[in-house]
Amino acid sequence: MIALARTAAYTSRPYFAAAVLMVCYLLLAGCGSTKVYTADKTMVYNGNLYNLTQVSQIGSKVDLQAAGGEVIDAGTLDKKGIQSLLKENKNLMMTTQFMLDDKPVVYERVSIDSYSGYSKHVSRFDKAKKKLASFMSDAKATQLKLD
């Protein structure tokens with residue numbers, strides 16, 4: 001028999017095989033920590049419990065209602081438009097609401113008599129929308145309490 005001389009490639013094979021096994025072990029070790037959260041998401045507001053698990057679309061709406069009963073979408077108005085409405089009507093009924101699959105959930109209904117009052121309530125509603133968006137994007141969170 002012919003004796004084969006040991007070459008560098010021949011002696012590095014066990015180390016290469018060990019390195020490949022170590023990489024495979026490390027890759028598979030990370031797979032065990034994957035979790036799937038399937039808990040229902042609920043929102044509590046004004047003593048009511050809303051199940052958000054099956055809701056596919058969440059929107060928002062701000063309406064202004066004059067004393068005559070005409071409802072105006074505040075999203076279509078700028079600051080000057082709202083101020084002129086307030087000048088024409090001393091008081092406006094403002095309704096902020098979440099739209100859960102086109103079903104309204106009234107967040108707040110207040111009477112306003114100035115633009116600063118309008119701005120204060122819109123700011124409060126914007127904070128609630130941000131809390132709801134953050135809650136829906138957090139896989140671990142199961143209940144949101146709006147105040």
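## A first look at the chain

The chain exposes about 10700 Å², and carbon and sulfur atoms supply 56% of that area. Keep in mind as you explore that this is a predicted model. Of the 147 residues in the chain, 28% are buried.

Among contacts in the chain with a separation of 6 or more, 53% are between residues 24 or more positions apart.

## The nonpolar core

In soluble globular proteins, nonpolar side chains tend to be buried together. Here, the largest nonpolar core has 29 residues. Leu64, Met94, Phe98, Ile112, Tyr118 and Leu146 are the ones with the most contacts inside this core. Two or more residues each come from strand 1, strand 3 (58-65), helix 2 (79-88), strand 5 (92-100), strand 6 and helix 3 (115-137). Helix 3 gives the most, with 6 residues.

Leaving out residues up to four places away in sequence, Tyr118 touches Val62, Leu64, Ala74, Ile82, Met94 and Ile112.

## Aromatic rings

Now for the rings. A pair of aromatic rings is described by the distance of the centres and the angle of the planes. The structure holds 5 aromatic pairs. One of them joins Tyr45 and Tyr107, a stacked pair with 4.9 Å centre to centre and 20° between the planes. This pair links distant parts of the chain, since Tyr45 lies in strand 1 (residues 42-45) and Tyr107 in strand 6 (residues 103-112), 62 residues apart. Both Tyr45 and Tyr107 are buried.

Tyr107 also pairs with Phe98: their ring centres are 5.8 Å apart and their planes are at 80°, so this pair is edge-to-face. Phe98 and Tyr107 are both buried. Ring pairs join Tyr45, Phe98, Tyr107 and Phe125 into a cluster. Elsewhere, a ring meets a charge: the charged end of Lys41 sits over the ring of Phe135, 4.5 Å from the ring centre.

## A buried glutamate

Strand 6 also holds Glu108. Is this residue buried or exposed? Glu108 counts as buried, because its relative accessibility is 12%, and the cut-off for buried is under 20%.

The side chain of Glu108 is joined to that of Arg124 by a polar contact of 2.7 Å. Setting aside neighbours within four places in sequence, Glu108 is in contact with Met94, Thr95, Thr96, His121 and Arg124.

## Two loop residues with positive phi

Most residues other than glycine have a negative phi, and most peptide bonds are trans. Asn46 is not a glycine, yet has a positive phi of about 50°. Asn46 is found in the loop between strand 1 and strand 2 (48-51). With a relative accessible area of 60%, Asn46 is exposed.

Asp102 is another residue other than glycine with a positive phi, near 65°. Where is Asp102 placed? Asp102 is in the loop between strand 5 and strand 6. Its relative accessibility is 66%, so Asp102 counts as exposed.

Note on methods
Residues numbered from 1 in each chain as written. Predicted model: local features only at pLDDT ≥ 70, side-chain atom pairs only at ≥ 80, totals over all residues. Heavy atoms only, no water. Phe/Tyr/Trp six-rings, centres within 6.5 Å; stacked < 30°, edge-to-face > 60°. Helix = DSSP H or I, 4+ residues; strand = E, 2+ residues; numbered from the N terminus. Buried < 20%, exposed > 50% of the residue type's maximum accessible area, 1.4 Å probe, protein only. Lys NZ or Arg CZ within 6 Å of the ring centre and 35° of its normal. Polar contact = N/O pair within 3.5 Å; in protein donor to acceptor, adjacent residues only side chain to side chain. Contact = heavy atoms within 4.5 Å. Core = buried A, V, L, I, M, F, W, Y, C linked by side-chain atoms within 4.5 Å. Areas by Shrake-Rupley, 256 points an atom, 1.4 Å probe, with all protein chains shown as cover.
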